[in-house]
Amino acid sequence: RIAHAPAVGYIPEQHAPPIYAQPQAISPGYRVSDSVLDIVPDLMHNRSLGIQDRYYLIVTTIRSLFIKITDPVMQKAAVYNQQLNPNQDKNLWSRWKAQVAGPNLYLQYLNALSPEQALHESPESFILGNEQIYQVKYKYYFGEDTPSEWHLEFQTGSGSHKFVTGSNPEKLLKAAYANKFRK
């Protein structure tokens, strides 16, 4: 069976998704052994000429799903957020709070989906089996003239996947990749 992405106006059944990633059970019909451990937000993958792709990493007990945040995903997350917070656009304060939420908007939306549903949100998303990842490297770069950033590298037998993030992912990565995590 091929799973289809939910329609734009679709809200997965969940009353109030947490703002920060927490372990959660998978929807009925999915293997219990593939439960979500953590979601690591806002990973940027540098392509060329300064172009970056944004990914969110969903780490389950058996695989790591790199979900590319595309325009359709952004639109679905905005609709989902609007339906969760119907009074949001009524005043300036609410609009400002929604803008400051930034990455949490996508985190809330992806957290409401099963890993399989999240994977099908973008055709450019990809999976690495956790057994394929033999090391996750992490390095902090302090910038005096530029923003500080954390560089991540997921090493596999067939190569590595490099990302940059503006927020400290150490706690989430240690929880998800305890024995593979290296500074």
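Author: Helices and strands here are DSSP runs, numbered from the N terminus. Bear in mind that this is a predicted model.

Reader: What about Asp42: what is its phi?

Author: Asp42 also has a positive phi of about 55°, and it is not a glycine. Asp42 belongs to strand 1, residues 36-46.

Reader: How do you know whether Asp42 is buried or exposed?

Author: Buried means under 20% relative accessible area. Asp42 has 19%, so it counts as buried.

Reader: What makes Asp42 and Arg54 a polar contact?

Author: A pair of N or O atoms has to lie within 3.5 Å, with one able to donate a hydrogen and the other to accept it. The side chains of Asp42 and Arg54 are joined at 2.9 Å, so that distance passes the cut-off.

Reader: Let's go to the rings. How many aromatic pairs are there?

Author: The count comes to 11 aromatic pairs. Take Tyr55 and Phe126, with 5.9 Å centre to centre and 70° between the planes.

Reader: What makes the pair of Tyr140 and Trp150 tilted?

Author: Under 30 degrees would be stacked and over 60 edge-to-face, and the rest are tilted. Tyr140 and Trp150 have 45° between the planes, so the pair is tilted; the centres are 4.8 Å apart. Tyr140 is in strand 5 (residues 133-141) and Trp150 in strand 6 (residues 149-156). With 39% relative accessibility, Tyr140 counts as partly exposed, while Trp150, with 11%, counts as buried.

Reader: Which residues do ring pairs link into a cluster?

Author: That cluster holds Tyr55, Phe66, Phe126, Phe154, Phe163 and Tyr177.

Reader: And Asn130: why is it called buried?

Author: Its relative accessible area is 11%, so Asn130 is buried. It lies in the loop between strand 4 and strand 5.

Reader: What is Asn130 in contact with, beyond its neighbours within four places in sequence?

Author: Its contacts include Val59, Arg63, Ser64 and Tyr177. Val59 is 71 residues away in sequence, yet the C-alpha to C-alpha distance is 8.4 Å. With Ser64, the side chains make a polar contact at 2.6 Å.

Reader: Last one: how many residues does the largest nonpolar core have?

Author: It has 19, and Tyr56, Ile58, Ile67 and Leu110 are those with the most contacts inside it. Helix 3 gives the largest share of this core, 5 residues. A second, separate core of 18 residues includes Val40, Phe66, Trp150 and Leu152.

Note on methods. Residues are numbered from 1 along each chain as its sequence is written. This is a predicted model: local features need pLDDT of at least 70, side-chain atom pairs count only at pLDDT 80 or more; totals for chains, interfaces and linings use all residues. Side-chain values use heavy atoms; hydrogens and water are left out. Helices (H or I, at least four residues) and strands (E, at least two) are DSSP runs, numbered from the N terminus. Buried means under 20% relative accessible area, exposed over 50%, partly exposed in between (1.4 Å probe, protein chains only). A nonpolar core is a set of buried Ala, Val, Leu, Ile, Met, Phe, Trp, Tyr and Cys residues joined through side-chain atoms within 4.5 Å. Rings of Phe, Tyr and Trp (its six-membered ring) pair if their centres lie within 6.5 Å; planes under 30 degrees apart count as stacked, over 60 as edge-to-face and the rest as tilted. Contact means heavy atoms within 4.5 Å.
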